[in-house]
Amino acid sequence: MQQECTATTDPRGTAACTVTVNQPPAPSVPLVVSFDGNRDVLGSKVTATLKLQTPTTLTYTGPHAVANGESVALSAVLKDFAGGAVAGRTVDLSIGSGVTRQGCTATTAQDGAARCVVPDVRQPLNGAATGSTTLTVTVGGVPIVVPTAPNSVVALPGGTTLIVNE
């Protein structure tokens, strides 16, 4: 999809305009800047490649309760700004922190889902009657601690949002 804008040069020969990028997900798009010229100046055209970084949403879809001594299947879904699945991205999912951290890594499938299993949960209780631990999801090297409240949203650097549904 081609998007464009037109600008007039100022006395220094500088022209600027703004385009709100609304492109399908792709690693890069071409950028073409051209000047048609006039009676005093010849026309010119230059092409560059822009790397696109689209906002994404990571939704944790795994369980919110785990039992020590059992396995747990952790999962999340990664989608692009338009709600389309993002495949081929590495997602790290873990429970606990520090020396008791247990985790697994998965690559998002064509549907954007990343699934992996922690085979034998061994987490210390925090002193509460039911106990609790930390769940962390990482995509693109950015760790996110999953909030305990359902349907919480956390804004992440680089335009990624984590949504926890229960």
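Are C104 and C116 buried or exposed? Both C104 and C116 are buried, where buried means under 20% relative accessible area, exposed over 50%, and partly exposed in between, with a 1.4 Å probe and protein chains only. This is a predicted model, in which local features need pLDDT of at least 70 and side-chain atom pairs count only at pLDDT 80 or more, while totals for chains, interfaces and linings use all residues. Residues are numbered from 1 along each chain as its sequence is written, and side-chain values use heavy atoms, with hydrogens and water left out.

The sulfur atoms of C104 and C116 lie 2.0 Å apart and form a disulfide, a term that stands for a pair of cysteine sulfur atoms within 2.5 Å. The link of C104 and C116 is right-handed, with 65 degrees about the S-S bond, and it joins strand β6, which holds C104, to strand β7, which holds C116, twelve residues apart. Strands (E, at least two residues) and helices (H or I, at least four) are DSSP runs numbered from the N terminus.

By this rule the chain has two disulfides, and the other one pairs C5 with C17, whose sulfur atoms are 1.8 Å apart. Both C5 and C17 sit in the segment before β1 (28-35), and their link is right-handed too, with 50 degrees about the S-S bond. C5 counts as partly exposed because its relative accessibility is 31%, and C17 is likewise partly exposed, at 38%. With bonded cysteines counted along the chain, the pattern is 1-2, 3-4.

Leaving aside residues up to four places away in sequence, L93 touches residues including L74, C104, C116 and V137, where a contact means heavy atoms within 4.5 Å.

Taken as a whole, the chain has zero helices and eleven strands. Buried residues make up 27% of its 166 residues, and of the contacts between residues at least 6 apart in sequence, 39% join residues at least 24 apart.
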